[in-house]
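Open the model in your viewer and keep the selection tool ready. The tour goes from the whole chain to single residues.

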Amino acid sequence: MSHEAIVTVILAALVVIAFGLFWWVGTYSDRVFAKRFRSRFPEKTLSYTAGQLGELVTSDLRMKYVFPILFPLDLIVMLALAGAMGAASSHWISQIYPSFAWLGLLVPAVYLLSDLIEDCLLAWLLLRGDPNEAARSVPKLKAITTIKLVSIAAAIALTLISFVGWIFRSALPAAGS
């Protein structure tokens, strides 16, 4: 097996492990929330009301949401996802079009930053426990969540496209030709 193939197997394995971690943390979090809420709605959907967020920030689950769900579990997941997809897509893109390798890092970085901002805002709201502040923050939180959801979808697509491109790289035109 060539060096390039070994690197690709390692990078692909890291991406799979990151998504396995994502699944595990999601399953754990859903079990915690199942007693009171249908899911971690502020992070998964845009279809919630200020009243629902207010109920969450005053609930008995708010401290469990901050620790361990948001910090450290979700932080670990976002670092693993962004790191694995960034390393993999950047590496594969660099094998095809070296001048565009930065794109493989930029898209996962946007996801990482937006998820981190979302978690910090959500943790702040949960720690404050003020339903009125939560209600005022809904538009900001939903905007950040939208950026996160779009950027994670883009990072996944970029990782898959760059992997497929790497597989078929010999059939692609060389960069600059």
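**Whole chain**

Along the sequence, the protein chain reads α-α-α-α-α-α. That is 6 helices and 0 strands, where helices (H or I, at least four residues) and strands (E, at least two) are DSSP runs numbered from the N terminus. This is a predicted model: local features need pLDDT of at least 70, side-chain atom pairs count only at pLDDT 80 or more, and totals for chains, interfaces and linings use all residues. Residues are numbered from 1 along each chain as its sequence is written, and side-chain values use heavy atoms, without hydrogens and water.

Select the C-alpha atoms. They fill a box of roughly 60 × 30 × 20 Å along the principal axes. Now colour by burial. Of the 177 residues, 42% are buried (under 20% relative accessible area; exposed is over 50%, partly exposed in between; 1.4 Å probe, protein chains only).

**Helix α3**

Select residues 50–57, helix α3. Which of its residues are buried? Leu53, Gly54, Leu56 and Val57. They sit on the same side of α3, because they cover an arc of only 160° around the axis, taken from the directions from the helix axis to the C-beta atoms. Next, show their cover. It includes α1 (3–33), α2 (41–44), α4 (62–96), α5 (101–128) and α6 (131–167).

**Ile161**

Move to helix α6 and pick Ile161. Buried or exposed? Ile161 is exposed, at a relative accessible area of 59%.

Notes: Contact = heavy atoms within 4.5 Å.
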